[in-house]
Amino acid sequence: MKKLNTTAILLLIVPLFVCPWACAQKIPMGFDVFGEFGPSCLEGNVHSGASGQVKCEAGRFFGGMRLRLTRHDAVEASYSWSPHVFDEAYPLQYENARLSSHSINYVRYLSTDPHVQPFVTGGVGWQSFRGSAGLDKLLTTNDSQLAWNFGAGIDVIPQRNIALRFEFRDYTTGMPHYNTGSLHNIVPSLGIVFRFNRNRKL
């Protein structure tokens, strides 16, 4: 928990230093607000009540803000939420009800074409689980863990101030509560981006 608290503090402090520096350098070149949605798929030592091994049985909302520092570089703060219901496979004494993620990411744009801009991204944050534990599963419990994420996507830009975003990310953390291995939360998503204060070349 001490590590988690330290990470949370760093995630809050870093943007406070980045933003003034960016303004002093006559950037950002753009500021984005985005919202995305897609299936949320789990890979790990978990079962679901519906079909045994969990595949893609829940959706996930994903939103945040992205600050374009240069034509190719950006930083992003994001939040995502999913009503993921699953049992930890061993022992079957924990049932999850929902999970959420907070992340700070670095984004690298591979192209600065004004209409199509692919990118890759990686970051760190924490993932929070809410569920019930115990033999009778009557004990409500919350568990937060350090989580890494990485992925790739593409912005399709029909107009200067709006874009469609196609993205694929993998959130990687430990199993909640009993910690019986790692958990991959794979999220393909589609969404809309509102582009503000945009450099005309972008």
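Predicted model: local features only at pLDDT ≥ 70, side-chain atom pairs only at ≥ 80, totals over all residues.
Q: In what order do the elements run from the N terminus?
A: Read them along the chain. The order is α-β-β-β-β-β-β-β-β-β-β-β.

Q: What share of the residues counts as buried?
A: Burial is judged by relative accessible area, with under 20% counting as buried. Of the 202 residues here, 45% count as buried.

Q: What share of the contacts joins residues 24 or more positions apart?
A: Take the contacts in the chain with a separation of 6 or more. Residues 24 or more positions apart account for 62% of them.

Q: What is the accessible surface of the chain, and how much of it belongs to carbon and sulfur atoms?
A: The accessible surface comes to about 10,200 Å². Carbon and sulfur atoms hold 67% of that.

Q: Which strands each supply at least two residues of the patch?
A: Those strands are β1 (30-44), β10 (162-174) and β11 (182-196). Four residues come from β11, which is the largest share.

Q: Is Phe166 buried, partly exposed or exposed?
A: The middle class lies between the cut-offs of 20% and 50%. Phe166 has 40% relative accessibility, so this residue counts as partly exposed. Phe166 lies in strand β10.

Q: Now the rings. How many aromatic pairs does the structure hold?
A: There are two aromatic pairs. One of them joins Phe34 and Phe62. Their centres are 5.4 Å apart, with 65° between the planes, and the pair is edge-to-face.

Q: Where do Phe34 and Phe62 lie?
A: Phe34 is in strand β1 and Phe62 is in strand β4 (residues 58-68). The pair therefore ties together parts that are 28 residues apart in sequence. Phe34 counts as buried, at 5% relative accessibility. Phe62 is buried too, with a relative accessible area of 4%.

Q: Why is the pair of Tyr109 and Phe119 called tilted?
A: The angle between the planes decides: under 30 degrees is stacked, over 60 is edge-to-face and the rest is tilted. The planes of Tyr109 and Phe119 stand at 55°, so this pair is tilted. The ring centres are 5.6 Å apart.

Q: Which strands does that pair link?
A: Tyr109 lies in strand β7 (residues 94-109) and Phe119 in strand β8 (residues 116-133). They are ten residues apart. Tyr109 is buried, at 1% relative accessibility. Phe119 is also buried, with a relative accessible area of 1%.

Q: Which arginines lie over the face of a ring?
A: Arg68 lies over the face of Tyr109, at 3.6 Å from the ring centre. Arg60 lies over the face of Tyr171, at 4.8 Å from the ring centre.

Q: How many salt bridges does the structure hold?
A: The structure holds six. One of them joins Arg165 and Asp32, with the closest N and O atoms 4.0 Å apart. This pair links strand β10 to strand β1, 133 residues apart.

Q: Are Arg165 and Asp32 buried or exposed?
A: Arg165 is buried, with a relative accessible area of 0%. Asp32 is buried as well, at 2%.

Q: What is the distance between Arg66 and Glu76 in their salt bridge?
A: Their closest N and O atoms are 2.5 Å apart. Arg66 lies in strand β4 and Glu76 in strand β5 (residues 73-82), ten residues apart. Both Arg66 and Glu76 are buried.

Q: Where are the partners Asp73 and Arg108, and which parts do they tie together?
A: Asp73 and Arg108 form a salt bridge, with closest N and O atoms 2.9 Å apart. Asp73 lies in strand β5 and Arg108 in strand β7, so the pair ties together parts 35 residues apart in sequence. Asp73 is buried, with a relative accessible area of 18%. Arg108 counts as partly exposed, at 34% relative accessibility.

Conventions
Residues numbered from 1 in each chain as written. Heavy atoms only, no water. Buried < 20%, exposed > 50% of the residue type's maximum accessible area, 1.4 Å probe, protein only. Contact = heavy atoms within 4.5 Å. Areas by Shrake-Rupley, 256 points an atom, 1.4 Å probe, with all protein chains shown as cover. Phe/Tyr/Trp six-rings, centres within 6.5 Å; stacked < 30°, edge-to-face > 60°. Lys NZ or Arg CZ within 6 Å of the ring centre and 35° of its normal. Salt bridge = Lys/Arg side-chain N within 4 Å of Asp/Glu carboxyl O.
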